[in-house]
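Let's take a friendly look at how charged side chains pair up here. Please have the sequence and the 3D view open as you read.

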Amino acid sequence: MYTYVEVTSEGTREIGYAQVKFNDGKMILTFSNGLGITRMKFNLDDIGYVAEGQFIGGNTFTLNADGYRITLYEDGLATSDYLRNYFKYLLVQV
């Protein structure tokens with residue numbers, strides 16, 4: 001699944017378009033920002049909760065993992081359903 005992502009860590013902020021995959025209890029995030037590509041892996045067990053919110057009429061999913069704050073923005077009709085399926089035990093409403 002592809003969507004927009006914002007990754008914040010220690011005062012840095014990156015925004016890009018990302019592929020989000022879930023495999024063996026891990027979330028794999030591969031995103032591009034300009035010419036660079038970043039791949040990050042996070043264990044779902046290490047994520048305490050995922051906050052679901054709204055931004056300009058679309059859903060957002062925000063989580064903290066390994067010192068990063070990651071916000072995934074809804075991009076298309078199936079994005080929210082896809083993310084809710086994998087985050088179903090971690091979701092809280094904001």
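Because Asp81 and Arg84 are three residues apart in helix α1, about one helical turn separates them. Helices here are DSSP runs of H or I with at least four residues, and strands are runs of E with at least two. This is a predicted model, in which local features need pLDDT of at least 70, side-chain atom pairs count only at pLDDT 80 or more, and totals for chains, interfaces and linings use all residues. Residues are numbered from 1 along each chain as its sequence is written, and side-chain values use heavy atoms, with hydrogens and water left out.

The structure holds three salt bridges, a term for a side-chain nitrogen of Lys or Arg within 4 Å of a carboxyl oxygen of Asp or Glu. Here they are:

| Salt bridge | N to O distance |
|---|---|
| Glu6 and Arg13 | 2.7 Å |
| Arg84 and Glu52 | 2.6 Å |
| Asp81 and Arg84 | 3.5 Å |

Glu52, Asp81 and Arg84 are joined in a network of these bridges. How exposed or buried are its members? Arg84 is partly exposed at 29% relative accessible area, Glu52 is buried at 6%, and Asp81 is exposed at 51%. Buried means under 20%, exposed over 50%, and partly exposed in between, with a 1.4 Å probe and protein chains only.

Now to Glu6, which sits in strand β1 (residues 2-9). Glu6 is buried, with 14% relative accessibility, whereas its salt-bridge partner Arg13 is exposed at 56%.
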